[in-house]
Amino acid sequence: MAAAGSELIGGPIGRHALLGMHWLTPVRIVALLAIGMFALGMVQKLPCYNGGWFFGATSQYTHACYSDIPHLYAGRGFADGLIPYFDRLPGDMEYLEYPVLTGVFMEVASWMTPHGGGIQHREQIYWLVNAGMLMICAAVVAVCVARTHRRRPWDGLLVALAPAAALTATINWDLLAIALTAAGMLMWSRSRPLAAGILIGLATAAKLYPVLLLGPLLVLCWRAGAWRAFRKALAGTVVSWLVVNLPVMITHDAAGFHIREGWAKFYTFSQERPIDFGSIWLLISQRTGNPLEDANTYATLLMIVGCGAIGLLTLYAPRRPRFAQLAFLVVALFILTNKVYSPQYVLWLTPLAALARPRWRDFLIWQACEVLYFLGIWTYLAYTGSGDKHQGLPTEGYQLAIALHLLGTLYLCALVVRDILMPERDVVRRDGDDDPSGGVLDRSPDVFVLGRAYHPPRHAVQFQATPRVRWGAVRD
């Protein structure tokens, strides 16, 4: 869409285009639009900000404006000045159930929240402070995506204008990890593997899923023989993760060093958590009546098998897949097999989808499925929380919303796999690029391949015997 519209002013950006000559560059336009869409998402939360979070059993669901942020301000001890991971919380949740860097983010926001006035007013201010910090993260994500593919800055519009991202941006704190992940991918695309690893490690300290990107980097570097770059990225990831976690992770007493219970809460909670909203396991459980108590085992086995399949796809593909393609597939696999799918998880995939399959039609089909799921879960909670009134979406309707989410994600995965198996259909590679997000992998030769080597597009085979035309050459 952006490329077609740009025909009016000269067409898509060429290989030797001189950028940055005007203050309103494509990257700045993408950043401004991302901030504008984020602001619209904040406006969508107004019914809850004005009372839905505080009054009425289902008001925040009927208006589809729920957010964890104001509820956890008091529920996790920030309103009382408790220190995450160190101070025990009243109630069933004894400690904060988020990774350390996210906990730091939440704590910093609480420092900037005035402690005077009623609790409702303080929760409103806390949400506004977090929204302002998350807006910066959203702009960082859009800018990083726009700059990862040097010749395709307008692909950042996919992230900036994503409707599902605007609706879910302030539900939770996921944008912090997503911004660090996007920055890490940008550093990798600039052939800076150590910096990329440091940022991926910080992202993993904020959310677990970014560590999955090391898997695609492993098999890609294996195929290209770029072991030095992978070792740097791995070392950066491990060291940065330890620097953030060790001060909170280790405690010492008379008996010696121990793992702090508060730090481990995120991992024990993730392990013990039963199947929950949005997952394929909930859909199966509701349809069959089976509680699926072994869902952890099933999910783990599916994840292992799926990662093995992605690895084989990488080594057998006729041309080495792009980093963004494999990153999208492995994170999508994690989402599809996980025990829970919260609406804000769509944010994880949005920048990866924009880099892996930058086509508006396919992107918007997937986004439409996610918007329908976003509406489905809130109307379902309104239905289950309204007692005998049953105002909202019944169980069968919610199951359809889960199916739409699963099918939309699988649809985009299928297109990415097709692009890997048929690289001539890859939108990014049509312009002559190899792997703009690959950094040291871009245009590097293969060292280890299980399948056949790269072959030309099928539709070009008949022209192999014809002489090549060198345009602009002077004939003797």
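Trp222 is partly exposed, at 36% relative accessibility. The model is predicted. Phe448 is also partly exposed, with a relative accessible area of 30%. Trp222 belongs to helix H12 (residues 214-224), while Phe448 sits in the segment after helix H20 (395-421). The pair therefore ties together parts that are 226 residues apart in sequence.

Another aromatic pair joins Phe363 and Trp366. Here the arrangement is edge-to-face, with 5.6 Å centre to centre and 70° between the planes. Both residues lie in helix H19 (residues 360-385). Three residues separate them, about one turn of the helix. Phe363 is buried, with a relative accessible area of 1%. Trp366 is buried too, at 0%.

Aromatic residues also gather in a cluster. Its members are Tyr209, Phe277, Phe334, Tyr341, Tyr345, Trp348, Tyr373, Tyr380 and Tyr398.

**Salt bridges**

The count of salt bridges is 17. One of them joins the side chains of Asp174 and Lys207 at 3.6 Å, N to O. Asp174 is in helix H10, and Lys207 is in the loop between helix H11 (193-206) and H12. This bridge links distant parts of the chain, 33 residues apart. Both Asp174 and Lys207 are buried.

Asp362 takes part in two of the bridges tabulated below, one with Arg357 and one with Arg361.

| Salt bridge | N to O distance |
|---|---|
| Asp174 and Lys207 | 3.6 Å |
| Arg357 and Asp362 | 3.0 Å |
| Asp362 and Arg361 | 3.0 Å |

Arg357, Arg361, Asp362, Arg418 and Asp419 are linked in a network of salt bridges.

**The surroundings of Asn172**

Asn172 is found in the loop between helix H9 (163-168) and helix H10 (174-189). Its relative accessible area is 3%, so Asn172 is buried. Which side chains make polar contacts with the side chain of Asn172? Asp68 is one partner, at 2.7 Å. Tyr98 is another, at 3.0 Å. Leaving aside residues up to four places away in sequence, Asn172 touches Asp68, Ile69, Tyr98, Leu134, Lys207 and Gln344. Among these contacts is Lys207, the residue that forms a salt bridge with Asp174.

**Cysteines**

There is one disulfide. Cys48 and Cys65 form this bond, with their sulfur atoms 1.9 Å apart. The torsion about the S-S bond is about 75°, so the disulfide is right-handed. Cys48 lies in helix H3 (residues 46-52). Cys65 lies in the loop between helix H4 (59-62) and helix H5 (68-75). The pair links distant parts of the chain, 17 residues apart. Both Cys48 and Cys65 are buried.

Cys144 and Cys413 can be described by their accessibility. Cys144 is buried, with a relative accessible area of 7%. Cys413 counts as buried at 11%.

**Annotated spans**

An unreviewed UniProt entry places the feature "transmembrane region" at residues 23-43, 125-146, 158-188, 194-222, 297-317, 323-342, 363-381 and 401-421. How much helix and strand does the chain have over residues 23-43? The chain there is 86% helix and 0% strand. The end C-alpha atoms of residues 23-43 are 29 Å apart. Residues 297-317 are 95% helix and 0% strand. For residues 297-317, the end C-alpha atoms lie 30 Å apart.

Conventions: Residues numbered from 1 in each chain as written. Predicted model: local features only at pLDDT ≥ 70, side-chain atom pairs only at ≥ 80, totals over all residues. Heavy atoms only, no water. Helix = DSSP H or I, 4+ residues; strand = E, 2+ residues; numbered from the N terminus. Buried < 20%, exposed > 50% of the residue type's maximum accessible area, 1.4 Å probe, protein only. Phe/Tyr/Trp six-rings, centres within 6.5 Å; stacked < 30°, edge-to-face > 60°. Polar contact = N/O pair within 3.5 Å; in protein donor to acceptor, adjacent residues only side chain to side chain. Contact = heavy atoms within 4.5 Å. Salt bridge = Lys/Arg side-chain N within 4 Å of Asp/Glu carboxyl O. UniProt positions renumbered as here; feature names shortened; annotations may be inferred. Disulfide = S-S within 2.5 Å.
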